[in-house]
Amino acid sequence: MNPVVKKVLGSSVVGALTSPLSVDDYLALIDGRLSLSEPRGRVIHAVRQTPDSVTLYIEPNDNWQGHRPGQHVLLGVDLDGVRHSRCFSVASAPDQKTLEITVKRNGDGRVSNYLVDHAARGQLVYLSPAEGDFYPEPGTAQPALLLSAGSGITPVMSVLRHWIANDRLRDVVFVHYARTRTDMIYAAELEALAQRQHGLRVETVFTADGGDRINEASLRRLVPDLATRETWLCGPAGFMDVADPLVAAASEWPLHREQFAATRREAAHGEGSVRFLKSDIAASGESGSLLEVAEGAGLKPNYGCRMGICHACKCRVAEGSVRDLRTNRVRDVRDSDIQLCIHAAAGDVAVEL
Amino acid sequence: MGKPTHLSKADIEAFGREIDAVRDEVMNDLGERDARYIRNILKTQRYSEVAGRALLMAGFLPPAWLGGVGLLSLSKILENMEIGHNVMHGQWDWMNDPSIDSATYDWDNTCPAHQWKHSHNYMHHTFTNIVDLDRDVGYGILRMSEDQAWRPQHLAQPLTAATLATFFQWGVALHDLEVERLGKDKTFKEAAVQAREIWAKARKQVLKDYVLFPALAGPMFAPVLAGNITANLNRNLWSFLIIFCGHFTDEVEMFDVEETRDETRGQWYLRQLLGSSNLTGSVPFHILSGHLSYQIEHHLFPDMPSHRYREVAPKIQEICERYGLNYNTGPLTKQFGGVVKRILRMSLPHRRKRNTLEPTTSTDAPVYAKAA
C-alpha cells in the first residue's frame, strides 16, 4: 500500500468514519490481503518438490516485518469455513522478497495436508510476526554443523541461505537425514550448493535406503571435527531426543535447537480425571492433551497452533497436576493459566472452562 | 419445577432430547456453506453502506437522497440485526475469524457491546419471559404482563411505546443501567461507570453520522445529516417492530419466578418455545429481521448461525405438533396486531389484580395444548 494512503487510512478521522468497524473491514472488500496492521500474504507460486510436500512462495503485505534466518511464523488459512493456524519455519533467507515455506504432509495434520493437496496461486494466508530464538547472531562463529531430519531442514536451510547470500559461509557441514531421496525436500538445491559453494560439505543419509539412523559412531564418521563446531539442530521428536545428547557430549560449542517441529511426543496420554468447572463436566484425562480432552467432552475452547506456540488456548487451571507434553515434566499448578494444547492431566485437574 | 402442562415430566425430557438432537445435527455440520453465507452478508452490508453514503452526497437530487437513505437503512438494519446481534451471540465464533468474534465485535449501535451481552445474552436469554427477572419484559417502562403491577403511568404506554420505537437504540443503550434497581441493590456509582461507557460508545455514532459525514459533504451537509437521521430512525422502527413481535404477541406466555425454579434442560426449552413467537415471510424478510422472525428457533439455539433457523424450523414445528405444543407463528400484520393489543390491554388496570385476596393467576391465553 502506498505509504501516504496508508497514513491517511490509519488516521483517527478515517477511523471515526468507519467506527465501530475497522478500516480493514472495508479494505477486505477490495482484497483480503490488505490491512493496516496485520501481516497477511498471498501464495504466488506453489511447487511440489516431493510427492508429499509443497513449497509455497508467499508475497506478504507491507505489515510483514521480516524474519531472522531460522525463525518460524504462524500461518493461518480458512478451511471449510474455519480459520486454522499452524507454525511453519521460514525457509527463505531474510533478503529474499517472497517468503518461502515448505510444508510436509503430516499424519492427521489438517492444515499441512490441505496445503500439500490444494494450495495454489492466489491462496490467502494470515501471518504472525516471525518468532523464535533459533537464529544466528550476525557475528556467529563458524565452523558450524547444520543437523536436521525430515521437515526439520526448513529453518536450517534459511540459516544456510542467509550465510551464502551475505557471503559469510566459511566452514559448514550440513548433515541431513531423510527417508529416501524422493522424500527429501531441497535435495536438488543442496546438491547444487555442495558442488559450487566453497566451505560447504553436505552429507545426506537416506534411512530407508540402507543409511543408519543417527548414532554416535555414524555422527563421528560424518563429522569428525564435531568438537570444534557450533550446531544448529532441528527435526522430529525422536531424532532430537537422540541427536541432542550426542552433540552435547561431543562439542563444547553452543547447541541451538528448534523445538517446535518436535513439540509433541508421539503418545500424548494423560492420567486421572479432568473436571471442567464452568460447564460442570467431568472427563477422563487419558485421551490426550487437555485441549483434546475438552473437545472430546463437547467443549469448544479457543485454540490456534495446537503446538504450544500461539497461546490462544491458554486457560485457567484452578488446581491439579499437569504434564508438559514437550518435556514430559510434571508439575502442580493452582490458579494459573496454562496452554491446554501442550499439557495433559497427570492426576486430577480442575479447568475453568 | 416448571410450568404445568399436559405433558408429563418424562415427556418434557424426551421433548428436550429431540430438540438437542436437532441442535447437534446442525452444529456438527457447520462449514464452508455457512462461512460463505455470512461473508456475503458482510459484503452486502458494507457495499450498501458505501453506496448509500455516496448517494447521499448527491442528496440535493431527491432520487439520490431516497436511494441513499434506502441503502444506508438497509446497511444499518443488516449490521444490527443479522450481523451484530448474531455475532455477539457467538453464532460465528466457530470460524475463528477475529473480525466476527463475539469477544471483540462491536456493533453500530449506541449500546456498548459488553453491556448488551450482559442484558441480552445472559439476562434475557436465560430468564426469558420470567416477570421480574427478564428485564426485556417491558424494558422497565412498559407493562407487558398481568403479573406486572399496574401503575397510573401505564395509561400512557401506547405513547411510551411509540417513543421507544422512535429512539429504540437509545432505549437499548440505557437498558443495562437498570434504573429501577438504583438506590436499592445497585449503587449510583456503578450506574455512573456504565453511563460513561454508554456515552463513550454513543458519541462515536453521533460524531460519525451527525458531524463527520455531513461535514465531509460540505454544501450537502443538510441532506446528508437528514439522510443519516432517517436511516437511524428506520433501523430503530424496524428493530422495534421485529423484536416486539418476538415475545409480546397475543398468545405468548409469561412466567413467574416460582414456576421456573430448578428447571431442567427440557423445561428450559419448553419455556423458550412458549415464550417466543415467529413471523412468516420471504427469505429477504427473514434476513432483514436477523432471522429473529425465527424467534422460537433463536431462543432454543441462540448460538446457532442464524440462516440455519430456516432449515430447522420445520423440524421444530413437527416436534411441537407431536407433543401437542403451540408453535406460535403468523404474518407480521397478525403478530404485530397482537403486540398492539397487548400494549393497549396492559395499559389498563386488570380486574383480577385488584382483588388481592384471590390467588393471582396469569390470564394469558392458555396455549400449552393447541388442541385442548
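Begin by selecting helix H5 (residues 157-166) of chain B together with helix H13 of chain B, whose axes come within 9 Å and cross at roughly 135°. Helices (H or I, at least four residues) and strands (E, at least two) are DSSP runs, numbered from the N terminus, while axes are lines fitted to C-alpha atoms, for helices over the stretch in contact, and angles run from 0 to 180 degrees between N-to-C directions. H5(B) and H13(B) are therefore oblique to each other; angles under 35 degrees count as roughly parallel, over 145 as roughly antiparallel, 65 to 115 as roughly perpendicular and the rest as oblique.

What you are viewing is a predicted model, in which local features need pLDDT of at least 70, side-chain atom pairs count only at pLDDT 80 or more, and totals for chains, interfaces and linings use all residues. Residues are numbered from 1 along each chain as its sequence is written, and chains are lettered from A and ligands numbered from 1 in the order in which they are written.

**Around H13 of chain B**

Show the side chains where these two helices touch: Gln157(B), Pro158(B) and Ala161(B) belong to H5(B), and Ile343(B), Leu344(B) and Ser347(B) belong to H13(B). Two residues are in contact if their C-beta atoms, placed from the backbone, lie within 7 Å. By class, this contact of H5(B) with H13(B) holds 4 nonpolar, 2 polar and no charged residues, where Ala, Val, Leu, Ile, Met, Phe, Trp, Tyr, Cys and Pro count as nonpolar, Asp, Glu, Lys and Arg as charged, and the others, Gly among them, as polar.

**Where the chains meet**

Now display both chains, and look for the place where 20 residues of chain B are in contact with 13 residues of chain A. On the chain B side, helix H2 (32-56) and helix H7 (188-216) are the elements that give two or more residues, and H2(B) gives the most, with 6 residues. The residues on this side of chain B divide into 8 nonpolar, 3 polar and 9 charged.

**Across chain A**

The mean for chain A is 91, and 97% of its residues reach 70 or more. Over residues 261-266 of chain A, however, the pLDDT is below 50, although this stretch has 19 contacts in the model beyond near neighbours in sequence.

Next, select strand E1 (residues 40-47) of chain A with strand E2 (residues 53-60) of chain A, which pair in the antiparallel sense over 6 bridges; two strands pair if DSSP finds at least two bridges between them. A hairpin joins E1(A) to E2(A) through 5 residues.

Which residue in E2(A) is the bridge partner of Arg42(A)? The partner of Arg42(A) in E2(A) is Glu59(A), whereas in E6(A) the bridge partner of Arg42(A) is Leu124(A). Strand E6 (residues 124-127) of chain A is joined to E1(A) by 3 bridges, and the two run antiparallel.

Move on to the open sheet of 5 strands in the order E9-E8-E7-E10-E11 of chain A, which has parallel pairing. Strand E9 (200-206) and strand E11 (255-258) of chain A stand at the edges with a single partner strand each, so one side of each is left without a neighbour in the sheet. Neighbouring strands of this sheet are turned by 15° against each other on average, direction ignored.

Within this sheet, 6 bridges join strand E7 (residues 144-149) of chain A to strand E8 (residues 172-178) of chain A, and Ala149(A) stands opposite Tyr177(A) in E8(A). Helix H5 (residues 153-165) of chain A packs on the sheet, and its direction makes about 150° with that of E7(A). Helix H8 (residues 237-250) of chain A also packs on the sheet, with a direction at about 170° to that of E10(A).

Finish with the open sheet of 5 strands ordered E13-E12-E16-E14-E15 in chain A, where the pairing is mixed. Strand E13 (281-284) and strand E15 (330-339) of chain A are the edge strands, and the twist averages 30° from one strand to the next.

Key
pLDDT = per-residue confidence, 0-100.
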